[in-house]
Amino acid sequence: MQGGVNIRKEAPGDEAVVAVVEFLSAFTLFLMILTAFMSLAQLELGSNDPYTDLIDRSAIDGLDRLTSSNGYYVPYVDGVRDQNNATSEWHQVPVMDLYNGLLQPGIVDNGVLDFERINALPNVTIEAMSNGLGLAKGLQLRLLIVIESSSNSSKIGEVLFEGGSDRSTSGTSSVANRKFINGEDIISVSLEVHDGASTPKLLRVTEFSPRPVNGGPEWIEIQNQNGFALSMKGWSFERSGTSGTTDYLYKEGVIPGGQIGLFTGDPSTQVTGNASVVYDLGSTGFLGVGSVDGLDDTTGRLRLLFAEEDEGAGSIVSQMQWDPSTGILANSTVVWNGGSPSSSSSWYVSSTPTPGDV
């Protein structure tokens, strides 16, 4: 001690220890900041499998495209994009024009969900939705828009839209979700992207008329049970009777989601009810009108089939056979009861035709 001052000497290693502690603290803080940044960027340290990452990124990017703009539609003229007539009002384009053009769907206008555009989603085919959202070939999607919470308890769980392909046969899937506040409702938009799923076979024959009266046309009623529109490409009808077997394959056309399509021997005289689209099968000779028969009056079979592009023969989706014991009289129709569409027990004869109304 000198003059009352206590002098302390540092040990030779103290400064090094302090430096190491400070470095470790700074490095730990850096890792915390980096982790937070990666989380905000929607990145995660996972399996680093490129295919899994592709599906994850497809779901995120697809949902961003769907919910960040109002989308656009570009028509084709003689196979060339007509940019001069492109429009952001894609939801006002008729379903057949929408089917034949280029679409990037969007359901948000000025930062909020646009219900007119959501209500137009049934006019969009799954293929157009997948292409518009930039999904890679071989990937399928399912879209769900639902009211998640509301001050009105009766609205909670209300589905505003649901459609897409079934993931039951897929190997990998990923879901991206975004929530929107609409007044006192919170609406959830979920986009699931998956692989391995096949094109949904959700067209069903619901009623057909083999013996119309007063010279009317024969007709077949088809319901699309998917939320999205379904292309008719790959679908075919097959009829058999006393005159042999005939089929007709569709290469284009569309039936809107949840809606009815009518196939008739004469569109000009056909009663259409609530059908969204009407297709002519009289000019092909598949369905008859007046004294001309397409479907056999007394003994016959009608099938609806579907084939993928790489399949040689279609698989049976709906089938009905009839004979004299079935009791099909003039103006009788054959109606599906909701059972297995390929089982004879799933059909009954009605004396009250309802074309276009299920």
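Of the 358 residues in the chain, 41% count as buried, where buried means under 20% relative accessible area, exposed means over 50%, and partly exposed falls in between (1.4 Å probe, protein chains only). The model is a predicted one, so local features need pLDDT of at least 70 and side-chain atom pairs count only at pLDDT 80 or more, while totals for chains, interfaces and linings use all residues. Residues are numbered from 1 along each chain as its sequence is written, and side-chain values use heavy atoms, with hydrogens and water left out.

Of the contacts in the chain with a separation of 6 or more, 62% come from residues 24 or more positions apart; a contact means heavy atoms within 4.5 Å.

One part to look at is an open sheet of four strands, in the order β8-β7-β10-β9 and with antiparallel pairing. Its edge strands are β8 (159–164) and β9 (173–182), each of which pairs on one side only. From one strand to the next, the twist averages 15 degrees. Two strands are said to pair if DSSP finds at least two bridges between them. As background, strands of a sheet pair through backbone hydrogen bonds, either parallel or antiparallel.

Going through the sheet pair by pair, β7 and β8 are antiparallel and share five bridges; one of the residue pairs here is Ile145 with its bridge partner Phe161 in β8. Next, β7 and β10 pair over 11 bridges, again in the antiparallel sense, and Leu143 stands opposite Leu191 in β10. Finally, 10 bridges join β9 to β10 (residues 185–195), and these two strands run antiparallel as well. Asn182 has Asp185 in β10 as its bridge partner.

Helix α2 (residues 50–67) lies across β7 (139–150), β9 and β10, and runs at about 20 degrees to β9. For such angles, axes are lines fitted to C-alpha atoms (for helices, over the stretch in contact), and values run from 0 to 180 degrees between N-to-C directions.

Which residues of α2 are buried? They are Ile55, Ser58, Ala59, Gly62, Leu63, Leu66 and Thr67. Seen down the axis of α2, the buried residues fall within an arc of 130 degrees, so they line one face of the helix; the arc is that of the directions from the helix axis to the C-beta atoms. The buried residues of α2 pack against β4 (102–105), β5 (108–109), α5 (126–132), β7, β9 and β10.

Then there are the aromatic rings. Rings of Phe, Tyr and Trp (its six-membered ring) pair if their centres lie within 6.5 Å, with planes under 30 degrees apart counted as stacked, over 60 as edge-to-face and the rest as tilted. By this rule the count is 10 aromatic pairs. One of them is Phe237 with Phe263, an edge-to-face pair at 5.1 Å centre to centre and with 70 degrees between the planes. Phe237 sits in strand β14 (residues 235–241) and Phe263 in strand β17 (residues 260–264), so the pair ties together parts that are 26 residues apart in sequence. Phe237 is buried at a relative accessible area of 0%, and Phe263 is buried at 0% too.

Tyr248 and Tyr250 also pair: their ring centres are 5.0 Å apart and their planes stand at 80 degrees, so this pair is edge-to-face. Tyr248 is partly exposed, at 27% relative accessibility, whereas Tyr250 is buried at 7%. Ring pairs link Phe237, Tyr248, Tyr250, Phe263, Tyr279 and Phe286 into a cluster.

Asp78 has a positive phi, near 55 degrees, although the residue is not a glycine. Asp78 is found in the loop between β2 (76–77) and β3 (80–81), and is exposed, with a relative accessible area of 79%. Asn331, another non-glycine residue, has a positive phi of about 75 degrees. Its place is in the loop between β20 (315–322) and β21 (333–336), and Asn331 is partly exposed at 30%.
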